[in-house]
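Subject: Handing over the two-chain model

Dear colleague,

I am passing on the structure we spoke of, together with some notes on what turned up in it. Please look at the sequence and the coordinates before reading further.

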Amino acid sequence: MNWQHRTPRARLALWGFWFATVALFVWCWGLMTERTMWVFVQDAPRAAADIGSRAWPPRWSYMEQLWQPLWDTLNIATLGTLLGVVMAVPLAFLAASNTTPSRLVLRPAALLLIVASRSINSLIWALLLVSILGPGLLAGIIAIAFRSVGFVGKLLYEAIEETDVRQIEAVTATGAGPAQVLHYAIVPQVLPTFLGISVFRWDINIRESAILGLVGAGGLGMQLQASLNVLAWPQVLMICIVILGTVIASEWVSGKVRRALI
Amino acid sequence: MSHPTTWRRPPQIVKSRFWRIALSLGALVYLTLALQSVDVNWTRVAEGMERGQRFIAGFLTPDFTTRWRDISQGLVESLTMTLTSTVAGIALSIPVGIGAARNIAPRWLHAICRSIIAVSRSLQEIIVAIFFVALFGFGAFAGFLTLTFATIGFIGKLLADDIEEIDAKQAEAIRATGASWWQLINYGVQPQVMPRLIGLSLYRLDINFRESAVIGIVGAGGIGGTLDTSLSRYEYGSAGAILLIIIAIVMASEYASSRMRGWLK
């Protein structure tokens, strides 16, 4: 009798699990591909070669027209992050169980706002805001801000809840009022984390603001949409290169800043 | 000799006075330049306020029935796309992740797998979706491929990092029994990384649903396409209903996956 890793019962359960997964996968696959046009799928290698040959080489001279959208993209990300952070800070203090003024009303309300903001992607926020405010940078900035509120708010309120109670008690023992406790005991403890979170979110926002223009919210995505509409593949490739470069640069910057902070 | 009678909190992040002033000046200059480049059409915004009110009204009184056929079809596409792409993505990312771990893969394989991961991680889902829609036509199949591609980079990287951090002593003990490379993976590596892999898979399932709600905007199937259509028709009741469904599913899946991960630990 050979040694075996699992008991017979565990092996049976494992096989059952795999069987159920495969069955579920096959069923879902059937539902999903109900309306797929397999002609297009079979045609894909030829289409890929076709688009590839049209896109190469990228149109380098198009860069002249991309500086303005690039600046817009950076502004959407930066101003959006600032606006989001400004809204997130009070929300985080309301949501943290040790600083909230009312545990029954304000804390659940703040938590609900944070969750709602987090579960809607910034592209969907942009879609809504473009429909309401009209196309342009403003819709993009507000979309980025609304998505950032939940992210920064959640991480910041967790940081506030993890502050050292002894330091707060020491400051309270000197006779400090609530505002002074906030200023001298809580803020110094969460400040580095807070700046780190903001820079991290800024980095994510650069990625997201590059594509917000697809729904009309300004920046590089708007040029991408325009080039796609006229099937100008060399321009599309050029924009993708610029987006990739921006993303890599912002990742490098945020990595540097966060390492300096910690 | 006089001494200060009040105490001020010393600066915490930037200690030098020169850099503090320079940084605030730089921030001020940037802000004025950036705010100037945002030109807002206030008449359009004022017109939009009325539409914003209608949207909020639509969100508060969601209309599930009028477009239920479209909504349910988008939802089925999103959910099936999420599941199939997560399963396929994990199945593909396991060999990539094993190949990208430096301690068990040869150098050339490590370089190839790490570059696959880097490409997959640095391209946004939306841009990948645009290309797949151009290649494979509109619909859920392009979305499935997009999410699978994104899953490979995500799971592959985290799995590779996890394998690189395993306890080398356990792997060595297995190797000392004369185990082959497959047996080493099966008995030395897999038990160490499995709990984390299951947790990551659940997390990715959650992310894939969120993304599946977005890539529909560029034509890759799913609930995002339905949302886009209802917004461009200004049907805010249906749009509110779709958003509520998305929020409910995201919250439910986040709760379920955090419970499952807590239970696995």
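Predicted model: local features only at pLDDT ≥ 70, side-chain atom pairs only at ≥ 80, totals over all residues.

For the complex, the predictor gives an ipTM of 0.78 and a pTM of 0.81. Chain B has a mean pLDDT of 86, with 99% of its residues at 70 or more. Among the elements of chain B, the mean pLDDT is lowest in helix 2 (residues 42–60), at 81, and highest in helix 6 (residues 140–164), at 91.

As to the form of chain B, its secondary structure consists of 10 helices and zero strands, so that the pattern read along the sequence is α-α-α-α-α-α-α-α-α-α. The radius of gyration of chain B is 26 Å, whereas a compact globule of 265 residues would have one near 18 Å. The C-alpha trace of chain B spans about 85 × 75 × 40 Å along its principal axes, and buried residues account for 40% of the 265 residues in the chain. If one takes the contacts in chain B between residues at least 6 apart in sequence, 71% of them join residues at least 24 apart.

Turning to the interface, chain A brings 50 residues to the contact and chain B brings 47 residues. On the side of chain A that touches chain B, there are 37 nonpolar, 10 polar and three charged residues.

The largest nonpolar core holds 127 residues, and those touching the most other members are Leu123(A), Ala126(A), Leu129(A), Ala143(A), Leu156(A), Ile126(B) and Ala129(B). Helix 7 (residues 137–161) of chain A gives the most to this core, namely 16 residues. By way of background, in soluble globular proteins nonpolar side chains tend to be buried together.

Leaving aside residues up to four places away in sequence, Arg121(B) touches Gly153(B) and Lys157(B). The C-alpha atom of Arg121(B) is separated by 6.8 Å from that of Ala150(B), although the two residues are 29 residues apart along the chain.

Leu231(A), which is not a glycine, has a positive phi, near 55°, and lies in the loop between helix 10 (220–229) and helix 11 (233–261) of chain A. Leu231(A) counts as exposed because it has 11 C-beta neighbours inside 10 Å. In chain B, Tyr234(B) likewise has a positive phi, of about 55°, without being a glycine, and is placed in the loop between helix 9 (223–232) and helix 10 (236–264). With 12 other C-beta atoms within 10 Å, Tyr234(B) is exposed, since a residue with 12 or fewer is assigned to that class.

With best wishes

Terms used
Residues numbered from 1 in each chain as written. Chains lettered and ligands numbered in written order. Helix = DSSP H or I, 4+ residues; strand = E, 2+ residues; numbered from the N terminus. Buried ≥ 20, exposed ≤ 12 C-beta atoms within 10 Å, placed from the backbone. Contact = placed C-beta atoms within 7 Å. Nonpolar A, V, L, I, M, F, W, Y, C, P; charged D, E, K, R; others polar. pLDDT = per-residue confidence, 0-100. Core = buried A, V, L, I, M, F, W, Y, C linked by C-beta atoms within 7 Å. Rg over C-alpha atoms; globule rule 2.2 N^0.38 Å.
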